[in-house]
Amino acid sequence: MKPIILRPSLYGLLLLITFLFGSCDSFLDESPDKKLALPSTLQDMQALLDNHSVMNQNSPAGSSVTSADNIYLPSVTWNAMSNESERRKYTWEKDNLFRMGYRPNHWYNVFQPIYHANTVLESLSGIPRTAANASTWDDVKGQASFYRGEALLAAAYVWALAYDEATASTDLGLPLRLGTSFHEQLVRASVRDTYEQVMRDLREAATLLPAGTQHPVRPSKPAAYAVLARACLSMRKYVEAGAYADSSLALYDGLLDYNQLSATPTYPLPAFNAEVLHHNIFGGVQSLTIGNARVDTLLYASYAADDLRRTLFFRRNADGTNAFRGSYAGSSSYFAGAATNEVYLIQAEARARTGDVTGAMESLNKLLRTRWKTDTFQEYAADNAAGALELILQERRKELLFRGLRWMDIKRLNREGAGIALQRVLNGNTYLLPPGDPRFALAIPEDVIEQSGMQQNPR
Amino acid sequence: MKKLFFLFCLLGGLAPAVAQQALSGRVVSAADNSPLPGASVRLKDAATGAITNHEGYFTLPVTQQTGVLQVSFLGFVSQEYAYTLPLPEPLVLVLAPAHQGLQEVVISTGYQQLPRERATGSFAQVDKATFNEQVGPDVLSRLEAVANGLTVNRAGFEPQLLVRGLSSINGAQSPLIVVDNFPYEGDITNINPNDVESITILRDAAAASIWGARAGNGVIVITTKKGRYHQPLSAEINVNVTAVAKPDLSYLRPISASDFIDVEQALFEKGYFDSQLNAVSRPELSPVVEILARKKNGTLSPEQADAQINALRQVDVRDEFDRHMYQQAVRQQYALHLRSGSDVLAWSLAAGYDRNTDELAATYNRLSLRFQNTLRPHRNLALSTGAFYTQRESGSGKPGYGQIGNWNNNLYPYARFADENGTPLPLHKDYTQAYKDTVGGGRLKDWNYYPLEDYRHAHSATTLQDVTANFGLQYTWRHGLSGDVKYQYERQQTEGQQLYGEESYFARDFVNRYAQLPPGTGAIRYVVPEGGILDQTGTLLASQNLRGQLNLDRSWGNHTVTAIIGAEMRHARVTGSRTRLYGYDPERLTFGEVDYTTRYPHLVTGGLLFIPDNSNRDHRTDRFLSQYANAAYTFRDRYTVSLSARRDASNLFGLKTNDRWNPLWSSGLSWELSKEPFYRSGFLPFLKLRSTYGYSGSTNPAFTAVSTLFYVATSPYTQNTYARFSNYANPDLSWETVGMWNIGLDFGTKDNRLTGSLEYYRKRAFDLLALYPVDYTTGVGSQVMRNVASMAGRGADLEIRSRNIDRALQWTSQLNLSLNREKVTDYYLGESAAYQYVTPGYRITGETGKPLHAVYSYKWAGLDPQTGNPQGFVDGEVSQDYFAIVYGEAKPDELQYHGSALPTAFGSLGNTLSWKRLSLTARISWKLGYYFRAPSIQYGSLFDAWGGHADFARRWQQPGDERTTHVPSLTYPNDSARDVFYAGSEVLVEKGDHVRLQYISASYDLLRPDTGRKSFKNMQAYLNLGNLGILWRANRRGLDPDVSALNALPQPPSVSLGLKATL
């Protein structure tokens, strides 16, 4: 019996093959992963900037804290530290201050958020600003500018000497990464150009950012003014510093009354508290863990008995030394963001330096009143600008510990003639860092120098 | 497109129009009546011939009513047959197999079945008999010992199958695996090795290029057993059981408990643990450190402390593992295979069940079912369907050495799991024990970790189900033209469940960590609800393949053409999910609610923490479009030219449409010298020379040309989803290409006493994706991926089969010998520091002219006789400036170059002795010409992470020791660069060369051939001894170079006993 089947047509098969040959590219347009996106929308930009582990947790300020004089390490502790770069950083060695190679170090921590910011700024040029998206568009651009300016400034604190009008054009600043291409050969800009870029970015941010944000992990206008004030202070442009501090406080001047805090928790100062303008933290620094870093003995002794910071900021170690626990990160991480307490102190210093003694003391007292036990605070008073300044600088050091600000304060105050010399004693050896020493600018990681051909800081 | 049509028209047009009558028939093997595809049938004294198709059928145009057919097929005795038309009955020509030799004569490429004699490319085959000499539970693990040109690289993190070495740096390096025509997307261990009919390894470009952009690393084609037409019902049964010895823990060489305690005491006195004793985080401390701390603060008397410490000196954690954790592994295998075939229907049904328990009591069960049939309702039409089902269940067992301990999974070497009465003892884990014991005043859950019990409470189970269904239609037109449509659907569902029961340490620790404990005796508040924690994962893979193909198999006169042209599309989608439930009660299936957006203080450290959400969803899609054509033309049965071309396109992200298509081609020539009239060699009656050249490709979908973002999760701060970069904008990326030239010689001596092949190849891989250093000021890390590298490889593969004695006693041998060397020809890794060459482990060095994975070391200048410090060289001078040696600018000339980290010569030799019903096979294998680093003491790891090595006992302690040891002295504080220098120094580099006795297998036919009962065709009992150990090794440390992972153990020997029967 002959099977009754349809004789398959050769042309049918050819048709199928033709179809497979000709299948249009739409078959291939399917995204390989739904979670992947090309950075193209404002939502994508915001998503990048909301990556808190990159944008808000990468400050290089730890290098500043380790190098400055608010902490010390006993010899046993220093000997027990496995991270050799940290040991070297602590004794102001000339080189090899950062782990190299594939292990991220503080240099990388700075430029990773900058790359994010640059991606956003470049991509924004492809997104038209319209009436409908204007506020979001401005906000996103402002955030990216803020992050770039803030990161550059923090890096300048670590790897550059203090800004000095006389030498700023020739002193070595930072490589200015303003785009995303990795083929671009970088050179180090001068300190002047570096600070100008910082100011440009932050001014742009201050213009574009909204006055308030959903959460302090996102930058806001008062945060941008605060960092501008910080930048001007380190440039010793006190008038501008004061003006930016005023602008910041005009938008937000909240303070946290320390009387409302309990000393029981391990870390009594909450994260995102009323003073935090922008949340930016750092951690994972071996020399600064709570078991390792001891607070300078004289500094600790300078807190009065009724000063709440004496208990809220410090933890007594078994050996009688003190550890710092007062971070605005509310954890073992340290705070390097912007907060109103710093802005008040900048305002006070700027006022004092421009002769407004009353105004200066007003700013200082407004802040300190929240730091003392209720009804115990005696308002500070000063007869003249110099006296006011001395008080303000002392309180600045006491208020802003472990934020990476002291290192730049030493450098800038030495330019004002303060003559602060640093000294460490370890295992019977004494290490000195005299004012004006080139080691106040830390050595850039050697592998970066090797690969980029950039100039190393003079040693 | 049009051109290809034209080509087909042209090929069709070549058919001469002389056929007046057609003679049809079929060629089968005398051994088992199986069809012989690709056999040559020709008219004697005429120029007409045909080639049998897949089912052994042929049709030959004839002009004479009578004549003589010559039928020949490699590996079979040629035959002549006188015919007279019309044929009285369907013509079936039965060929008797020639003596053992090139039996596996049909090569399957996954796209076509090709007679080996007309192949130009390099194909290595593993026949069923050799494959089944081992009893391993999966297909690939059986190949290493027997396949030619294939090796398993164990120097990296995971064992990696390599065909002819490496062809890529960062792309896929393992071969493509094809099961029955289509790439297998599922887990290859789903395939039951008992279902395997044959395995073909496509090694050169001509063989592999038909697979295009995924074939750059070779292709392994697995063909499963199928039913055949004209066959009575047969059943094969195979049952075996394997017992594996307990692993030998003495292979591990941790520091002795006593030495470790001495170090801890010395460190304690130096204040090393002060900051940890002081730390808010209450970090874990070893028992000895806690005893010393109690001694110091007076809560323990010095006598008691010393007594406790001295008791610990006697403990060896390896004994504890051996006694409490390890056991003999047992594997059982049951397989049944039924097949039958009538004229129109051939079917096969296979069922297999595997039941394994490993050395740590982890369980693994696999059930596999395969059903395949082919229906031929009309002589020209074949419909085939197949359905495969695999179900696998695996469950976790006890923890092994190196799987529990501190953050690094290191354990103090005096850890004990149980006391004298067998009561489980806790390990010091995560927090200071003294703190754990007192915190909470009894209000918290027990915070101890008991390794002896915990595995009962924390159990993971994985279930996998794979269903594959395929459908094929083949129609044969006249003139040897046929068409195929094939479709396959696969769905693999994997469900994982990790249950941390309420009693598990994981769950108790989690609940405790987040517990809010008011001071005094207030009631505790649990933020993470009490109960267990359940993590569930699900992955669904669904893939579809559709292929349309035209085949031409045509002979006329002196000409034979075999050609295919086709196109296919492939779509594979993976969706995955992961969820976690807290406070889970597996009895009642209830769970608790947690708040993922609030930060809670950690009970110990006080730091604020979110409760981890641990939920995730995935959705990935791979799509490929491919078009291919392959043609071989043979003239006078001895000259063959082949051509193959293919192009692929995929949905890789960000590729511009123009870059999507990647065209690849190959061509080849072969010449069967022994068929030339002038060739008269009685000694070598078969000699064939072939050569190919061509390209295949490789791609890694992970690297794309544009910046892509990966949406990570919802930010707990802004409640907005946040993203990270998945890929950084990198506009220059393109496909990788591998070009290979292959020349081969196939030979057979008289009566096939000695048969084999010798091949030599050179390959060049270019546009390789490689990490290219960038200054990390760019913000994208220190390296980016670019098509910057190229490499060249060359090697040779020799395969010889011989019948040494062929009497009542038979002795046959099979030899595989491969050489493979590859070197980097172009790669600027911009190595800036010496350590980048030397970094211990398996790493790309990228030095031009050297292997991709080269072993370098720091030159060694002995130990300093005064201090025991290791000494190297800086600028030719003996130096102890380790920072300069290690992190200084690299000068490769100043480093010691040893050689490749991958074997450059490897092979195996199998010998089989058969006498009457007994057969005995032994196989050795070897790997030669490579280097590895031996582990030794690292003081940093010893101090920080409980990682010690027994070499500590051999360290320099006093002047003079430098003459007998190279182990540096202990120094404090530790200098990490000194550790790095020693770990990478030349004294720790060893030759990897070794010879291994892979297995001995014996089989005995239980039925005497003459008096065998009718119900069984045969019945065989077999015994296999596997992993019998290393016969010779070049290193004097007793190390197994195939065991490179930290804390890994050599595979212990195994014994299997089994029974095979056919009825």
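Predicted model: local features only at pLDDT ≥ 70, side-chain atom pairs only at ≥ 80, totals over all residues.
Within chain A, helix H7 (residues 106–124) packs against helix H8 (residues 134–159). The axes of the two helices are 9 Å apart and form an angle of about 155°. Because angles over 145 degrees count as roughly antiparallel, H7(A) is assigned a roughly antiparallel orientation to H8(A). The crossing of H7(A) with H8(A) is left-handed. On the side of H7(A), the contact involves His106(A), Val110(A), Pro113(A), Ile114(A), Ala117(A), Val120(A), Leu121(A) and Leu124(A). H8(A) contributes Val140(A), Lys141(A), Ala144(A), Tyr147(A), Arg148(A), Ala151(A), Ala154(A), Ala155(A) and Val158(A). Sorted by class, the residues of this contact between H7(A) and H8(A) comprise 14 nonpolar, one polar and two charged.

Between the chains, 77 residues of chain A are in contact with 81 residues of chain B. On the side of chain B that touches chain A, the greatest contribution comes from strand E28 (residues 616–635) of chain B, which supplies seven residues. The residues on that side of chain B include 38 nonpolar and 33 polar ones, together with ten that are charged.

Strand pairing also links the two chains. Strand E1 (residues 36–37) of chain A and strand E32 (residues 708–714) of chain B run antiparallel and are joined by two bridges. Leu36(A) has Phe710(B) as its bridge partner in E32(B).

Methods:
Residues numbered from 1 in each chain as written. Chains lettered and ligands numbered in written order. Axes fitted to C-alpha atoms, helices over the stretch in contact; angles between N-to-C directions. Helix = DSSP H or I, 4+ residues; strand = E, 2+ residues; numbered from the N terminus. Parallel < 35°, antiparallel > 145°, perpendicular 65-115°, else oblique. Left-handed = near helix turned anticlockwise from the far one by under 90°. Contact = placed C-beta atoms within 7 Å. Nonpolar A, V, L, I, M, F, W, Y, C, P; charged D, E, K, R; others polar. Pairing = 2+ DSSP bridges.
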